[in-house]
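Visitor: I have a model on my screen and would like to know what stands behind the words used for it. Could you take me through them?

Guide: Gladly, let us look at it together.

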Amino acid sequence: MNLSSEHCNISDWLRLEATVKASVYVVAFSIATSLTVVIIAIVSQSLQLRKEVRLVLLCHHLLCISSYCGLGVVFQGMRALLANSPLLLCWLVFGAQLSVGEGILFTLTLMALNTYLAICYPLTSPSFVDSAKYRILAGTWTMVILKNVGLFLIEGTSPTPASVFQSAPLCPVILNGMPARVIGVFSLAFLLSLILVSYCLIYREGKRAGHFNKSNIKARRTVLVHLLQISLHVIPTLIIIGLGKRCGVFFFALNLALFGIFAFAQCFNPLVYGLRNRDLQSKLYPWLCCRKKLLP
């Protein structure tokens, strides 16, 4: 934190920031959850769709987005309202939000790898991926939770055991030290590299097979839309991690602008990865007709 200026009151900035973020999270949670409920309902009602690994990963991805936005409403709301919540509760809520936030990028990576395997190894990969999908998901979540618990134990040792049960008006953020920031940047860079390599190999295989010729605009557009969506997740996050918390109108506006871009990307993930899917599109209209018939 940059507290060198005597006019800099970081508490005022944090509370104002929390108020704005809580409001944005409410909007993002409403949009993302509504679309997530529709997509999961469509998938759950079709045996064929439930067997699709990409749709299983998509449902996990959308649940991570809704959970992340919902926990963001809770955490930023506690900070904005000065709820005087126990320090341990603040850490638990923020830690849960951070974990599902990492789950968003992990599931994006798994979706990219699954697409790569399906395109480049269409004969051998489906049986392997189908048999191992739940073990891979369980291993991914175990790794995320263990990493965050380890960092929590490293950075949370300074307060005394009694102080973690005392109230904290602004709900200080845990995992904001240098070890957590360095590990966070490396994790993002590693996952981003896996996604980019997967899409490069997908593009190379598609071009070799003639799928990315000049007449097939939709295939090229799909790859570009996915890469743009991923960049809206990763780039703002990397900048926010690098900057940390600083005082001043410029840093406040920059932080909120980056956060707004990130939240905007969360809202449109169900559309980009879900409702643009042909299988889901084919089931959407019958599902909506069925809902209308059930309404009084």
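Visitor: What percentage of the residues in the chain is buried?

Guide: In this predicted model, buried residues make up 42% of the 296 residues. A residue is called buried when its relative accessible area is under 20%.

Visitor: And which elements does the chain have, in what order?

Guide: The chain has nine helices and two strands. Starting at the N terminus, they run α-α-α-β-α-α-β-α-α-α-α.

Visitor: Why is Val149 called partly exposed?

Guide: Val149 has a relative accessible area of 41%. Buried means under 20% and exposed means over 50%, so Val149, at 41%, is partly exposed. Val149 belongs to helix α5, residues 125-155.

Visitor: What makes Val149 part of a nonpolar surface patch?

Guide: A patch takes residues with over 30% relative accessible area, and joins nonpolar side chains, Val included, within 5 Å. Val149 has 41%, so that requirement is met. Together with Ile145 and Leu153, Val149 makes a patch of about 260 Å².

Visitor: Which residues of α5 are buried, and what covers them?

Guide: Among the buried ones are Val129, Ala132, Leu137, Val144 and Leu151, and the list also includes Lys133 and Glu155. Their cover includes α3 (53-80), α4 (87-120) and α6 (178-208).

Visitor: Where is the kink in α5 centred?

Guide: The kink is centred on Ala132 and is about 50 degrees. Ala132 is also one of the buried residues of α5.

Visitor: Why does Asn84 count as partly exposed?

Guide: Its relative accessibility is 42%. That value falls between the 20% and 50% limits, so Asn84 is partly exposed. Leu82, with 30%, is partly exposed by that reasoning as well.

Visitor: How do you know which residues are annotated as "transmembrane region"?

Guide: That comes from an unreviewed UniProt entry, which gives residues 22-43, 55-78, 182-202, 223-243 and 249-273. In the model, residues 22-43 are 100% helix, with end C-alpha atoms 31 Å apart. Residues 223-243 are 100% helix as well, with end C-alpha atoms 30 Å apart.

Terms used
Residues are numbered from 1 along each chain as its sequence is written. This is a predicted model: local features need pLDDT of at least 70, side-chain atom pairs count only at pLDDT 80 or more; totals for chains, interfaces and linings use all residues. Side-chain values use heavy atoms; hydrogens and water are left out. Patches are made of residues with over 30% relative accessible area and no salt bridge: like charges are joined within 9 Å, nonpolar side chains (Val, Leu, Ile, Met, Phe, Trp, Tyr) within 5 Å. Accessible areas come from the Shrake-Rupley method with a 1.4 Å probe; for residues, only the protein chains shown count as cover. A salt bridge is a side-chain nitrogen of Lys or Arg within 4 Å of a carboxyl oxygen of Asp or Glu. Helices (H or I, at least four residues) and strands (E, at least two) are DSSP runs, numbered from the N terminus. Buried means under 20% relative accessible area, exposed over 50%, partly exposed in between (1.4 Å probe, protein chains only). UniProt positions are given in the numbering used here, feature names are shortened, and annotations may be inferred rather than shown by experiment. The bend at a residue is the angle between axes fitted to the seven residues ending there and the seven starting there. Contact means heavy atoms within 4.5 Å.
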